[in-house]
Amino acid sequence: MPSSAAIRVAILGFGTVGEGAYRMLEDNREAITRKVGRPVEVVGIGVRDLTRSRTAPRSLFTNDLPKLVRREDVDVVLELIGGLDPAASLVEQALERGVPVVTANKELIAKQGRELLSLAGRHHVDLHFEAAVGGGIPLVQPLKHQLAGNDVLKLIGILNGTTNTILTRMAVDGAGFDEALREAQELGYAEADPTNDVDGYDAAYKLAILGSIAFGRQVPVDQVYREGIRRVSQVDMHFADVLGYAIKLLAIIEPAHETLFARVHPTLIPRTHPLAGVDGVYNAVWLHGDFVGDLMFSGRGAGSDPTASAVIGDLIGVARDVVAGQSGQPILWGEPIDLLPIADLETSYYVRLNVQDRPKVLGQIALEFGHHDVGLSAMEMRVIDRKRELGEIVFLTHRCRESDFRAGLASVAALDAIVEVCSDFRVEA
Ligand SMILES: NC(=O)c1ccc[n+]([C@@H]2O[C@H](COP(=O)([O-])OP(=O)(O)OC[C@H]3O[C@@H](n4cnc5c(N)ncnc54)[C@H](OP(=O)(O)O)[C@@H]3O)[C@@H](O)[C@H]2O)c1
């Protein structure tokens, strides 16, 4: 390739992220050329529907994506389609041809990252995926490089902007879950089918990716414990606040007993923790490394511009390698690791019960939990219905084993005085 020749890019997918990546290459053309040492030029764009109007020249578009990937004049492929089919086979084809790939596809990397990285390694090409986790926040590269010498002792993320927007709306404005979800859908933050976000799948993909990099072993996404936010109510938001906590959908990974706990669930986090103030569409990752200590990254976790920022950052890295005539070093993930079951977790819990408002009920609850080695700490009570003698009790437990907590809660639920176990959530100290 002559020293002035452009680095030629094929973009697969021209939706929110693909269009943003194209626009950034156009808008920041001069700066990018300076940083790469050569121009970076888009030579083809693959989409499904050729009839839609687009913000790039029509001549660039094709719906024959395999043919675009096979073109001899493509130096780098950006995979910005999403999902597994056809993204996985297109990425494989590019890597097998020795063409480096940049992708934003969390599902693809979480489920097939290990195989794809190994394929990239065998063909001596780059495979980068900074945009797959945390949108515009640099997380993958710092974990791969600057932080790689640390033993990560805990990593906690707010990794899904949709659920964080819904929870923030509930906390700040007193909206119920259904109302907050409907609003997020109207504003375009949540999809018509919100399952992927609301039930924690998206956060689990991202946690599996971050964990695989941080711990050097593949974290199997199907073993990540996962609970969504549908059970979080306005009443829980209120009590959490009274007790000094925020409720967030946290993705947590930490080493224990020679392996790892990896879990995504709604969690009470003290208002004093830096993650508690991460609101709305913002994402954040807090981690503790043995040498670096506490560290937090935060920023916009999704959207066209922030995600394009991460994609183009990766592209510039790859383009520099192409200019230098070298390939980067794909970081290989080790063998898959068997994660610990949630029953073995040790943490504390928040519980809300509706009870018959009678003397001794508190003592009975404490006694049942005590039989299972679960001690109670902070507590709040209020009368719901004085005539029917109905009350609501909220308490936190001391740290205990999840299996003991579940057994204790089942015994409490069986007491005559308990009308309903309304909710229970894990608490992060
Ligand atoms: N949106 C975000 O904020 C965000 C943030 C971080 C990461 N990501 C990831 O980025 C990727 C892209 O997301 P997006 O939000 O940009 O998606 P999107 O808006 O739905 O765009 C998808 C694009 O892929 C094309 N496409 C889909 N299926 C295709 C097929 N079978 N053959 C050819 N083209 C196909 C679509 O073509 P048509 O235009 O013809 O329909 C469209 O241009 C996903 O992996 C997503 O997880 C997104």
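**Ligand site and surroundings**

Reply: Histidine 124 counts as exposed, because its relative accessibility is 58% and exposed means over 50%. Keep that residue in mind for the backbone part below. The model is predicted.

A polar backbone atom of phenylalanine 14 lies 2.8 Å from a ligand oxygen. For arginine 48, a polar backbone atom is 3.0 Å from a ligand oxygen. Lysine 106 uses its side chain: an N or O atom there is 3.2 Å from an oxygen of the ligand. On its own the ligand has 890 Å² of accessible area, and the protein covers 77% of that.

Next, the backbone. Most peptide bonds are trans, and most residues other than glycine have a negative phi. The bond from aspartate 85 to proline 86 is cis, with omega near 10°. Proline 86 sits in the loop between strand S4 and helix H4. Histidine 124 has a positive phi, near 55°. Its loop runs between helix H5 and strand S6. Aspartate 373 also has a positive phi, near 60°. That residue lies in the loop between helix H13 and S16. Aspartate 373 is exposed, at 63% relative accessibility.

Last, the surface. Leu362, Met379 and Met381 form a nonpolar patch with about 230 Å² of accessible area together. Methionine 379 belongs to strand S16, residues 376-385. At 31% relative accessibility, methionine 379 is partly exposed.

Definitions and conventions: Residues are numbered from 1 along each chain as its sequence is written. This is a predicted model: local features need pLDDT of at least 70, side-chain atom pairs count only at pLDDT 80 or more; totals for chains, interfaces and linings use all residues. Side-chain values use heavy atoms; hydrogens and water are left out. A polar contact is a pair of N or O atoms within 3.5 Å; within protein, one must be able to donate a hydrogen and the other to accept it, and residues adjacent in sequence count only if both atoms are side-chain atoms. Accessible areas come from the Shrake-Rupley method with a 1.4 Å probe; for residues, only the protein chains shown count as cover. Patches are made of residues with over 30% relative accessible area and no salt bridge: like charges are joined within 9 Å, nonpolar side chains (Val, Leu, Ile, Met, Phe, Trp, Tyr) within 5 Å. A salt bridge is a side-chain nitrogen of Lys or Arg within 4 Å of a carboxyl oxygen of Asp or Glu. Helices (H or I, at least four residues) and strands (E, at least two) are DSSP runs, numbered from the N terminus. Buried means under 20% relative accessible area, exposed over 50%, partly exposed in between (1.4 Å probe, protein chains only).
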